[in-house]
Amino acid sequence: MIRCNFGVVAIAASMLLGIGGCGQDKQPQSGTKSQALTVTIGIVAPLTGPQSHIGKDLENAVRLAAEDANAAKVIVGGKQLTFAVMAEDDQADPKMAPVVAQKLADAKVNAVVGHFNSGTTIPASKIYSDAGIPQISPSATNPKYTEQGFKTAFRVVANDNQQGKVVGEYIARELKSKALAIVDDRTAYGQGVADVVERSAKAAGAKVVAREFTTDKSTDFKAILTKIKSRKPDVIFFGGIDTQAGPMLKQMKGLGISAQYVGADGIQSTELFKLGGDAVEGTLASFPGLPLERMPQGKGFGGKYKAKWNQDVVLYAPQGYDAFNVFIEAMRKAGSTESAKFLPELARIEYNGITGPIKFDEKGDIKDGPITMFKAVGGKWQAVATIGGSAPAQAKAAEKK
């Protein structure tokens, strides 16, 4: 079996990152010089505002992927490629997302990594579809994104139907909740995952005693929490992002609420410990993927990312890096950088990246995506269980090598 070094994209006799994605391109004849061709990949995320720490994490990953690809001197169709990155800020605003998407379409980018939020990814996807631009979201989990039928839309994480089901069942069966309270931020992501958690928790035997909502801009939750406290919940699930979860946890502690706090991937970031302080201890959160240290090439990527950006991975950097390289693999297989020509190859891609094996189903969702439950212990996230997916076996195999 051929093993590829992480972070190196194939050129000539080199091989693309990942076992299933390895292969060779045809070489220009000896003595000839390949023509250079610039390929522009867009990255869209909230680069300003409360969620910018997650957005910059994704931008950093994409820029690192482009740097690695350029160092590898990728050749497609007899031409050496130079990768450029066009980063745009959608401010986590669904109204801004189509504007930014149209800007990328007008610039005729070859592909787009993004967006981060489901609420921005969904409206932007129509623009990319109309323009024929392939789009891979590294993080948007709302099922609607890939249910619209756009052939240009893909994602490299499990969706909320998968994640929410796992979390709801975990709350009912593992936490044995008898009184579950649910709060969501009314975004496509937060409300979407909360709805699935509610359905699956009820189906598994939990009783929902309260369902409240806030906004993704709020930081004062005392009124909601006071109301919830009167219902005496043993578990509180929050569908939203870390920027709300941190203050909410502090306010729960101040009000003397001892219920187990559970969230989904939006709160499973290193930033939550800064935002919530010691109130974060014991918090549970899901993530649609493996822990970084258990990803097949996660340890090496984490070290390289920190060496480049002088910070640890915040959340979705590995997925952003993989999305970029999946585009390159599709170009290599198609022998072309033209969106219309390499788009069909995305639908049938088989690629082993930082995060594990990547294949898409007929909708563009990743196949066999694992879900990991984490617990906040001593200022760090510790994996407590991984459910589903084919990637865990890959990760264990990688750890033995």
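Tutor: A residue is called buried when its relative accessible area is under 20%. This is a predicted model, and in it buried residues make up 59% of the 401 residues of the protein.

Student: How many helices and strands does the protein have?

Tutor: There are 13 helices and 15 strands. Of the contacts with a separation of 6 or more, 67% join residues 24 or more positions apart.

Student: How should I read the nonpolar residues of the interior?

Tutor: In soluble globular proteins, nonpolar side chains tend to be buried together. Here the largest nonpolar core has 97 residues. I41, F83, F237, Y261, F324, F327 and L346 have the most contacts inside it.

Student: Which helix gives the largest share of this core?

Tutor: Helix α11, residues 317-334, with nine residues. Another core lies apart from the largest one; it has 13 residues, including V44, V112, I127 and I133.

Student: What does F324 touch, leaving out residues up to four places away in sequence?

Tutor: F324 touches I41, V62, A65, A66, A69, F83 and V113. Two of these partners, I41 and F83, are themselves listed with F324 among the residues with the most contacts inside the largest core.

Student: Is Q51 buried or exposed?

Tutor: Q51 has a relative accessible area of 5%, and the cut-off for buried is under 20%, so Q51 is buried. Its place is in the loop between β1 (35-45) and α1 (52-72).

Student: Which residues is Q51 in contact with, leaving aside its neighbours within four places in sequence?

Tutor: Q51 is in contact with P46, A92, F116, N117, I241 and T243.

Student: Which residues lie nearest the centre of the largest pocket?

Tutor: T270, L292, D312, V313 and V314, out of 27 residues that line the largest pocket. The elements giving two or more residues to this lining are α9 (271-276), α10 (298-309) and β15 (380-387). The largest share, four residues, comes from α10.

Student: What classes of residue make up the lining of the largest pocket?

Tutor: The lining has twelve nonpolar, nine polar and six charged residues.

Methods
Residues numbered from 1 in each chain as written. Predicted model: local features only at pLDDT ≥ 70, side-chain atom pairs only at ≥ 80, totals over all residues. Heavy atoms only, no water. Core = buried A, V, L, I, M, F, W, Y, C linked by side-chain atoms within 4.5 Å. Buried < 20%, exposed > 50% of the residue type's maximum accessible area, 1.4 Å probe, protein only. Contact = heavy atoms within 4.5 Å. 1 Å grid on protein atoms, 1.4 Å probe; cavity = no way out; pocket = protein on both sides within 12 Å on 5 of 7 lines; lining within 4 Å. Nonpolar A, V, L, I, M, F, W, Y, C, P; charged D, E, K, R; others polar.
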